[in-house]
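Have a look at the model first, then we'll walk through it topic by topic.

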Amino acid sequence: MCLNRRVFAYAKSIYDIEIQFFTQQGVEYLLIDLDNTLDSYRLYYPTLRAINYINSLIDAGIKPIIVSNNRGKRVKTYSNFLQIDCISQAMKPFPKKIIEYLKANDISHDKVMIIGDQLMTDVGAANAANIRVVLTDKIVSEDQWTTRFNRLFDRPLRKRMEKQGKLPNWRTLYGKS
Ligand SMILES: [Mg+2]
């Protein structure tokens with residue numbers, strides 16, 4: 001397993017990030033992890049907080065797309081409610097389905113950003129697809145068992161990256177340019 005992860009920016013939560021950060025970075029498509037990035041893995045329907053954030057992105061001219069490793073039915077129900085595209089059973093960290101989606105919709109990688117709460121899956125897929133990625137903390141404390149396994153690697157690696165200055169805060173980047 002390659003542990004040499006590259007993170008473009010870190011945010012405590014997606015909800016902390018001002019939408020202008022994405023537009024400033026030239027983002028036109030935001031690929032958003034669902035579980036523990038937008039909402040709990042138990043939810044079939046988005047919370048009001050998620051609905052509002054997604055709408056703010058759309059208002060700013062950014063197209064949000066849900067990218068989840070979870071199974072189709074729930075992910076589709078969730079994203080249909082928001083009336084946005086989704087890539088379900090995305091098999092992150094493998095970049096295949098993401099790359100296929102971008103190709104099919106004629107989207108160039110430099111207009112895309114990925115955001116997610118896991119180094120192994122979200123950051124792994126972003127790195128493999130050569131797309132900038134924002135890493136967040138998980139928004140609720142509960143995880144599925146598969147995710148709990150990934151966290152064993154995630155926590156120490158995250159700590160090390162933090163120490164090495166490899167998790168630049170989005171606010172610092174936002175303020176710089
Ligand atoms: Mg997640």
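Which elements make a right-handed β-α-β unit with β4? That would be β3, α3 and β4, where right-handed means that, with the strands pointing away from the viewer, the path from the first strand over the helix to the second runs clockwise. Bear in mind that this is a predicted model, in which local features need pLDDT of at least 70 and side-chain atom pairs count only at pLDDT 80 or more, while totals for chains, interfaces and linings use all residues. Residues are numbered from 1 along each chain as its sequence is written, and side-chain values use heavy atoms, with hydrogens and water left out.

**The sheet**
- Six strands form an open sheet in the order β1-β6-β5-β2-β3-β4, with parallel pairing; two strands pair if DSSP finds at least two bridges between them.
- The edges belong to β1 (9-11) and β4, each with a single partner strand, so one side of each has no neighbour in the sheet.
- From one strand to the next, the twist averages 25°.
- Helices and strands here are DSSP runs numbered from the N terminus (H or I and at least four residues for helices, E and at least two for strands).

**β5 and its neighbours**
- β5 (residues 112-116) pairs with β6 (residues 132-136) in the parallel sense over four bridges, and β5 also pairs with β2 in the parallel sense over four bridges.
- Ile114 of β5 has Leu31 opposite and Val133 of β6 as a bridge partner.
- Gly116 has Leu135 in β6 as its bridge partner.

**β2, β3 and β4**
- β2 and β3 run parallel and pair over four bridges, with Ile32 and Ile66 as bridge partners.
- Three bridges join β3 to β4, and Ile65 has Asp85 in β4 as its bridge partner.
- β3 is mostly covered, with four of its five residues buried.

**Helices and crossovers**
- Two further right-handed β-α-β units turn up: β2, α2 and β3 make one, and β5, α5 and β6 make another.
- In α3 (residues 72-82), Gly72, Arg74, Val75, Tyr78, Ser79 and Leu82 are buried.
- Their cover includes α2 (48-59), β3 (63-67) and β4 (85-87), where contact means heavy atoms within 4.5 Å.
- Just after α3, Gln83 takes a positive phi of about 55°.
- α4 (residues 96-104) lies across β2 (29-32), β3, β4 and β5, at about 145° to β4; axes are lines fitted to C-alpha atoms, for helices over the stretch in contact, and angles run from 0 to 180 degrees between N-to-C directions.
- α5 (residues 119-129) packs on the sheet, touching β5 and β6, and its direction makes about 165° with that of β6.

**The magnesium site**
- Asp33 (OD), Asp35 (O) and Asp117 (OD) coordinate the magnesium ion at 2.1 to 2.2 Å; donors are N, O and S atoms within 2.8 Å of the metal (3.2 Å for Na, K and Ca), and water is not among the atoms, so sites may look incomplete.
- The donor spacing along the chain is D-x1-D-x81-D.
- Asp33 sits in the loop between β2 and α2 and Asp117 in the loop between β5 and α5, 84 residues apart.
- Asp33 is buried at 8% relative accessible area, and Asp117 is buried at 0%.

Methods. Buried < 20%, exposed > 50% of the residue type's maximum accessible area, 1.4 Å probe, protein only.
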